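Keep the picture in view as you read.

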Amino acid sequence: MNDQQTNQRGIDATQVLENVAFKEAFAKLNDAVLEQLDSCPIRDHEGRLLLTQLRKIAFMYEGMLRGMVETGKLAKHKIDMSTLRNESDGRKLLRRVTNR
């Protein structure tokens, strides 16, 4: 995957994480799992284990999306740096003068 595709993937992941419906669904999932975990009998080791694993998987999924966002930011930075490196001398001078 090239930097442009990685950057786009990061943008897409950001849109998912900032989406109101996703945030609401994730919060509801977490609340439901915690509610079931609280009501699960202490002796039900298998049930408690499965609920704990479900919660961990949900947070792992969110972590993967956050990782895509960060990787996308890095790819964007690499693209920007590459663009600046390939800039002509006249363009560099013009950019420096206008930034003052």
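The accessible surface of the chain comes to about 8000 Å², and carbon and sulfur atoms make up 56% of it. Keep in mind that this is a predicted model. Of the 100 residues in the chain, 20% count as buried. Charges are part of the picture too: there are 17 positive and 14 negative side chains, and the centres of these two sets lie 9 Å apart.

Now look at how the chain is built. What about contacts between residues with a separation of 6 or more? Of these, 62% come from residues 24 or more positions apart.

Let's zoom in on the aromatic rings. How many aromatic pairs does the structure hold? There are 3. One of them joins F22 and F26: their rings are stacked, with 6.0 Å from centre to centre and 25 degrees between the planes. Both residues belong to helix α2, which covers residues 20–39, and they sit 4 residues apart, about one turn of the helix.

F22 also pairs with Y61, and here the rings are tilted, at 6.3 Å centre to centre and 50 degrees between the planes. Because F22 lies in helix α2 and Y61 in helix α3, this pair ties together parts that are 39 residues apart in sequence.

Are these two partners buried or exposed? F22 has a relative accessible area of 17%, so this residue is buried, as that is under the 20% cut-off. Y61, with 45%, is partly exposed. Taken together, ring pairs link F22, F26, F59 and Y61 into a cluster.

Finally, visit L49, which you will find in helix α3, residues 45–85. Its relative accessibility is 49%, so L49 counts as partly exposed. Now find L37, 12 residues away from L49 along the chain: the C-alpha atoms of the two are separated by 9.3 Å.

Definitions and conventions
Residues are numbered from 1 along each chain as its sequence is written. This is a predicted model: local features need pLDDT of at least 70, side-chain atom pairs count only at pLDDT 80 or more; totals for chains, interfaces and linings use all residues. Side-chain values use heavy atoms; hydrogens and water are left out. Buried means under 20% relative accessible area, exposed over 50%, partly exposed in between (1.4 Å probe, protein chains only). Contact means heavy atoms within 4.5 Å. Accessible areas come from the Shrake-Rupley method with a 1.4 Å probe; for residues, only the protein chains shown count as cover. Lys and Arg count as positive and Asp and Glu as negative; His and the chain ends are not counted. The place of a charge is taken as NZ of Lys, CZ of Arg, CG of Asp or CD of Glu. Helices (H or I, at least four residues) and strands (E, at least two) are DSSP runs, numbered from the N terminus. Rings of Phe, Tyr and Trp (its six-membered ring) pair if their centres lie within 6.5 Å; planes under 30 degrees apart count as stacked, over 60 as edge-to-face and the rest as tilted.
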